[in-house]
Amino acid sequence: MCRSRARPPPAGGAWGCACSVPRTLLLLLVYLAYLALGTGVFWTLEGSLAWDSRRSFQSDKWALLRNFTCLDGPALDSMIRGIVQAYKSGSLVIGNTTSMERWELVGSFFFSVSTITTIGYGNLSPHTLAARLFCIFFALVGIPLNLVVLNRLGHLMLRGMHRFAHKLGSTLRDPGQARWLAGCGALLAGLLLFLLLPPLLFSSMEGWNYMEGFYFAFITLSTVGFGDYMIGMDPSRKYPVWYKNMVSLWILFGMAWLALIIQVIFSFMETSREVCSCYRRSAEEEDLKPPSWESEPHPPLPACREEEPMGVSPHLEPSTQAMHCDKDS
């Protein structure tokens, strides 16, 4: 029979306050350092290019004003703003063609998908007051619904992986190796279906190179959605009706797969941290044990488990108290 024993708290405070505050501060420092790293790298790589682009635009603008004296600066700026707004609304005319109508049935469906998945490319937004109000309530209900659907799809993918691992384990007679093979197979299959093959379709339909298509695929599935690359936006191309519908399904299943992969990575990080904390807690307990306590050996802490052959051990609560299992006298 197991019963808990009160552990003597360290001088000056409880265990929770002594451990959680420095750990939280360390996590915040790592978080800020990671943001600082990204800031420095992006500033270095993109700063000079943005400056050159701005200088080139100003040079072209002044050259246009010199060649067409009937234009003045404010009129040209107003025309440029009109062109940008027309591009955003999808009504930009180049020659005798316009870009795909964004508020037709297919375009509206794609906007609905990008709203509830929180991708938010930024290239399309409602302009009427009624549409904006509806978008608010639509997102309030749709975002939780999307999370439920993604969670369900992720569980189905995980269940399929476990079934494959079970069948493979009965064949190989090695469950640990079977789980590793099944996990690697699921990872490679997802990479192929959701990240490596779709750029080929985007290259064919949009005229992008493979790296641009891969960049769009990851930015979309991770819901970052910068909006610098968008499908169906080239007015010189004819897009089939099935194209955006197929991309919408790809987004749904690809987000579920990527969320599953991110959760596995997060679980690995949490598990490694908690295993170290578990060993440290055991060592501190031995150091703080009073001499008058029973010195009989006892089994390891239930919270401290050996790592399984593959993957992630169960989550350990940070506030788990040490438990001793002793036989009743």
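These are my notebook entries on a predicted model of one protein chain.

**Entry 1. The whole chain**

I began with the secondary structure. I counted eight helices and four strands in the chain. Then I read their order along the sequence, which is β-α-α-β-β-α-α-α-α-α-α-β. Next I looked up burial. The chain has 329 residues, and 26% of them count as buried. I also checked how far contacts reach along the sequence. I took contacts between residues at least 6 apart in sequence, and 63% of these join residues at least 24 apart.

**Entry 2. Helix H5 against helix H6**

At what angle do H5 and H6 pack? I found about 15 degrees between H5, residues 175–196, and H6, with the axes 5 Å apart. That angle makes H5 roughly parallel to H6, because angles under 35 degrees count as such. I then listed the residues that make the contact. From H5 they are Leu192, Leu193, Phe194, Leu195 and Leu196. From H6 they are Pro198, Pro199 and Leu200. I sorted the residues of this contact by type. Eight are nonpolar, none is polar and none is charged.

Leu192 sits in helix H5. Its relative accessibility is 42%, so I logged Leu192 as partly exposed. I left aside its neighbours within four places in sequence. Leu192 is then in contact with Leu197 and Pro198.

**Entry 3. The buried side of H6**

Which residues of H6 are buried? H6 covers residues 198–206, and I noted Pro198, Pro199, Phe202, Met205 and Glu206 as its buried residues. I then looked down the axis of H6. The buried residues fall within an arc of 130 degrees, so they line one face of the helix. Pro198 and Pro199 are on the buried list, and both also take part in the contact with H5. I followed the chain past the end of the helix. Gly207 comes after H6, and its phi is positive, near 80 degrees.

I turned to Asn146, which lies in H4, residues 129–172. The list is Ile116, Thr117, Leu252 and Met255. I checked the polar atoms too. A polar atom of the Asn146 side chain lies 3.5 Å from the backbone oxygen of Ile116.

Met161 was my second stop in helix H4. With residues up to four places away in sequence not counted, Met161 touches Ala182, Gly183 and Ala186. I also took the separation of Met161 and Leu181. They are 20 residues apart along the chain, and their C-alpha atoms are separated by 9.8 Å.

**Entry 4. Ser248 in helix H8**

I found Ser248 in helix H8, which runs over residues 241–288. Its relative accessibility is 5%, so Ser248 counts as buried. Which residues does Ser248 touch, not counting those up to four places away in sequence? I wrote down Phe109, Phe110 and Val113. Helix H3 covers 105–116.

**Entry 5. Threonines with positive phi**

I went through the backbone angles next. Most residues other than glycine have a negative phi. I noted Thr118 for its positive phi, near 60 degrees. Where is Thr118 found? I placed Thr118 in the loop between helix H3 and H4. Its relative accessibility is 42%, so Thr118 counts as partly exposed.

I located Thr223 in the loop between helix H7, residues 210–221, and helix H8. At 26% relative accessibility, Thr223 counts as partly exposed, because the range for that class lies between 20% and 50%.

Key:
Residues are numbered from 1 along each chain as its sequence is written. This is a predicted model: local features need pLDDT of at least 70, side-chain atom pairs count only at pLDDT 80 or more; totals for chains, interfaces and linings use all residues. Side-chain values use heavy atoms; hydrogens and water are left out. Buried means under 20% relative accessible area, exposed over 50%, partly exposed in between (1.4 Å probe, protein chains only). Helices (H or I, at least four residues) and strands (E, at least two) are DSSP runs, numbered from the N terminus. The arc is that of the directions from the helix axis to the C-beta atoms. A polar contact is a pair of N or O atoms within 3.5 Å; within protein, one must be able to donate a hydrogen and the other to accept it, and residues adjacent in sequence count only if both atoms are side-chain atoms. Contact means heavy atoms within 4.5 Å. Axes are lines fitted to C-alpha atoms, for helices over the stretch in contact, and angles run from 0 to 180 degrees between N-to-C directions. Angles under 35 degrees count as roughly parallel, over 145 as roughly antiparallel, 65 to 115 as roughly perpendicular and the rest as oblique. Ala, Val, Leu, Ile, Met, Phe, Trp, Tyr, Cys and Pro count as nonpolar, Asp, Glu, Lys and Arg as charged, and the others, Gly among them, as polar.
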